[in-house]
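Good morning, and thank you for coming. Please look at the sequence and the model on the screen while I take you through the strands and then the whole chain.

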Amino acid sequence: MRKKVLVIGAGAAGLMAACAASDSGAQVTVLEHNEKAGKKIYITGKGRCNYTNACETEDFFRNVLRNPKFLYSAVYGFDSSAVTEFLEENGCATKEERGKRCFPASDHAFDVTDALVRHLNRNHVKIRFHADVTQILTRANNDEGKAPRAAAGVRLRSGEEIAADAVIVAAGGMSYPTTGSTGDGYLLAGNLGLEVREPAPSLVPFTVAESWPMELQGLSLKNVAVRLENLESPEKGKEEEKPVRRKKRRPVYEGFGEMLFTHFGVSGPLILSASCHADFQAHPEGYLLHLDLKPSLSEEELIRRLEREFSLQPGRELRNALKALLPERLAQIAAQLFAAALVNPSAKGGADRAVYTLNEKELRELALFLKDLTMTVTGTRGFSEAIVTKGGVSVREINPSTMETRKVKGLYWAGEVLDVDAYTGGFNLQIAWSTGHLAGECAAQ
């Protein structure tokens with residue numbers, strides 16, 4: 001008799017789990033509550049699907065933020081080269097781009113999903129759509145072992161019960177809920193008494209308190225540096241006070257790269273990475289985001305650069321003189337902000353003042369200002385714009401060598417539903433492929 005395996009979720013982890021389980025001889029059925037498979041895969045990488053990163057495996061783990069050691073067996077057993085080989089063998093040509101990011105050669109994400117579904121069709125795997133799983137069924141475990149219970153199947157919202165020898169939960173997280181990621185896997189885990197770490201959006205844009213970033217909507221900055229710091233809550237009795245700068249703590253993130261101003265605040269690769277380290281549940285008061293517009297120059301080097309630029313046209317207005325160093329719109333805003341921040345300026349005129357009127361102290365203050373343009377981060381854009389979810393089923397509940405639940409024999413977990421996440425660049429999809437493949441193989445044994 002072939003072992004019967006049910007896979008909950010037809011996303012990246014679920015489809016790969018079904019491929020691995022069926023390759024290992026199991027009779028596999030995939031249960032998906034959407035109307036099609038791979039709905040989230042279609043939107044990854046802006047529709048191109050950055051399906052993995054071809055970096056060395058050691059570098060891969062350095063890009064995993066939470067519980068990287070938990071992934072050792074899964075990733076070493078099915079790494080980025082194995083994923084690429086799988087796609088190529090199933091009719092999806094691939095290519096590698098900057099930063100070792102891998103994409104389908106066609107630049108169409110559906111080619112990745114098609115390769116997975118094509119493999120499943122060859123293995124006679126059935127995918128049932130509009131199938132909402134509401135409960136994992138268990139029975140007493142009569143086999144020798146520590147787990148007192150064993151998976152027996154699932155119950156659907158319709159009331160139908162489907163028996164199985166093993167169940168793999170690959171229901172995703174809560175990011176991009178329009179693709180079907182609504183946290184169902186966390187409910188299934190909680191109903192079984194498993195620990196679930198509070199889910200939160202990650203790889204997500206920031207909202208800010210200041211209005212000036214919105215005036216720069218659409219402006220992208222390259223080769224800038226950011227530093228994210230906690231804000232301390234106001235002291236008791238001083239809630240009404242609103243100081244310009246509250247006390248700083250040790251940085252929670254520092255990075256270099258590209259960012260984007262938006263109609264709500266800031267986004268872009270650098271900001272998405274910073275968001276992985278922000279915990280608004282623990283720090284509801286928010287964060288300070290320090291932006292260094294000229295990270296390649298020291299303070300003294302930037303002062304000398306300003307002196308050279310200003311000496312060429314000493315009568316030029318500050319807002320225009322800064323265009324030599326900054327994009328035009330940013331130069332305008334920076335000049336206004338700097339003029340407003342000056343304490344006891346030696347000359348009037350604000351952003352319109354001639355640069356020759358800046359004294360040595362003010363020139364130094366300008367250099368410092370350009371290397372520390374500060375915004376107050378108030379929150380994120382939530383799960384609707386988050387690329388991944390941080391938090392999820394605690395890895396302490398799972399055997400990392402098999403992806404099997406320690407307390408329930410025959411119940412496996414894979415993908416974003418787990419408390420494992422990484423930076424952008426193909427790393428999160430690789431986690432899905434690796435954990436899904438390991439769960440599928442072990443469930444079929």
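Let me begin with a definition: two strands pair if DSSP finds at least two bridges between them. Helices (H or I, at least four residues) and strands (E, at least two) are DSSP runs, numbered from the N terminus. The model is predicted, so local features need pLDDT of at least 70 and side-chain atom pairs count only at pLDDT 80 or more, while totals for chains, interfaces and linings use all residues. Residues are numbered from 1 along each chain as its sequence is written, and side-chain values use heavy atoms, with hydrogens and water left out.

Which residue of S5 is the bridge partner of Lys95? The partner is Phe103. Strand S5, residues 101-104, pairs with S4 in the antiparallel sense over four bridges. Together with S3, these strands form an open sheet of three, in the order S3-S5-S4, with antiparallel pairing. Strand S3 (52-53) and strand S4 (94-97) stand at the edges with a single partner strand each, so one side of each is left without a neighbour in the sheet.

As background, the side chains in a regular strand alternate between the two faces of the sheet.

Next, consider strand S8. How many bridges join S7 to S8? There are seven, between S7 (residues 133-140) and S8 (residues 149-156), and the two strands run antiparallel. Within this pair, Ile136 has Val154 of S8 as its bridge partner. S8 also runs parallel to strand S21 (residues 408-409), to which two bridges join it; here Arg149 stands opposite Val408. With strand S9 (residues 161-163), S8 pairs in the antiparallel sense over three bridges, and Arg155 stands opposite Glu161. The hairpin of S8 and S9 has four residues between the strands, and Gly159 takes a positive phi near 100° there.

Finally, the whole protein. It contains 13 helices and 22 strands, and its C-alpha atoms fill a box of roughly 90 × 55 × 35 Å, taken along the principal axes. Of the 445 residues, 53% are buried, meaning under 20% relative accessible area with a 1.4 Å probe, protein chains only. Among contacts (heavy atoms within 4.5 Å) between residues at least 6 apart in sequence, 74% join residues at least 24 apart.

Conventions
Buried < 20%, exposed > 50% of the residue type's maximum accessible area, 1.4 Å probe, protein only.
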